[in-house]
Amino acid sequence: MADNARAKRLADLIREVVAQKLQRGIKDPRLGSQVTITDTRVTGDLREATVFYTVYGDDEDRAAAAAGLESAKGVLRSAVGAAAGVKFTPTLSFVADALPDTAKTIEDLLDKARASDAKVREVSAGASFAGDADPYKKPDSDDEAAGAVEPAETDGDAPA
């Protein structure tokens, strides 16, 4: 089993080699400048690599890019093997990165929260307190402030 530093270095190398090969070496029109390699992860035994990618475009472009990556998998693995110089070249699997979709969802939720905050701010602009400005009770006399309590009367029969 390889150490984590070696797996990280190999993952970085795979990401760079695949990105360069997609940009310059593969003439598939489905993989033009639309595909961006976002991350690469390698298993601890350096046998399998998962390459995460994003595609600029709609669902049709994403499906075409996925098909293009699957068809170019052998060429990309050969390029990784030539650049890495390891005994066993890892198998590549391509996974569409969900980060852009997640970021868009978060941005939409933040916009809703900002709109809701603006409505609350607008409604509360001319509002006043429902009761007193200070809702906490204050002691009326010095005896209550000191916490003095009158002793309760006891029967003469009860033990003290």
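Residues are numbered from 1 along each chain as its sequence is written, and side-chain values use heavy atoms, with hydrogens and water left out. Because the model is predicted, local features need pLDDT of at least 70 and side-chain atom pairs count only at pLDDT 80 or more, while totals for chains, interfaces and linings use all residues.

**Exercise 1. State how many helices and strands the protein chain has, and in which order they run.**

Step 1. Helices (H or I, at least four residues) and strands (E, at least two) are DSSP runs, numbered from the N terminus. The protein chain has five helices and three strands.

Step 2. Read from the N terminus, the order is α-β-β-α-α-β-α-α.

Step 3. Buried means under 20% relative accessible area, exposed over 50%, and partly exposed in between (1.4 Å probe, protein chains only). Of the 160 residues, 21% count as buried.

**Exercise 2. Describe how H1 and H3 pack.**

Step 1. Axes are lines fitted to C-alpha atoms, for helices over the stretch in contact, and angles run from 0 to 180 degrees between N-to-C directions. For H1 (residues 4–25) and H3 (residues 73–84) the angle is about 130°, and the axes are 9 Å apart.

Step 2. H1 is therefore oblique to H3; angles under 35 degrees count as roughly parallel, over 145 as roughly antiparallel, 65 to 115 as roughly perpendicular and the rest as oblique.

Step 3. The contact (heavy atoms within 4.5 Å) brings Leu10, Leu13, Ile14, Val17, Val18, Lys21 and Leu22 of H1 against Val75, Leu76, Ala79, Val80, Ala83 and Ala84 of H3.

Step 4. By class, the residues of this contact are 12 nonpolar, no polar and one charged. Here Ala, Val, Leu, Ile, Met, Phe, Trp, Tyr, Cys and Pro count as nonpolar, Asp, Glu, Lys and Arg as charged, and the others, Gly among them, as polar.

**Exercise 3. Which residues of H3 are buried, and what covers them?**

Step 1. The buried residues in H3 are Leu76, Ala79, Val80 and Gly81.

Step 2. Their cover includes H1, helix H2 (59–71) and strand E3 (91–96).

Step 3. Take Leu76, with a relative accessible area of 1%. Leaving aside neighbours within four places in sequence, Leu76 is in contact with Val18, Lys21, Leu22, Ile26, Leu69, Leu92 and Phe94.

**Exercise 4. Locate Thr89 and Leu46, and say whether each is buried or exposed.**

Step 1. Thr89 lies in the loop between H3 and E3. Thr89 is buried, at a relative accessible area of 17%.

Step 2. Not counting residues up to four places away in sequence, Thr89 touches Arg77, Val80 and Gly81.

Step 3. Leu46 lies in the loop between strand E1 (35–42) and strand E2 (48–55). With 10% relative accessibility, Leu46 counts as buried.

Step 4. Most residues other than glycine have a negative phi. Leu46 has a positive phi of about 60° although it is not a glycine.
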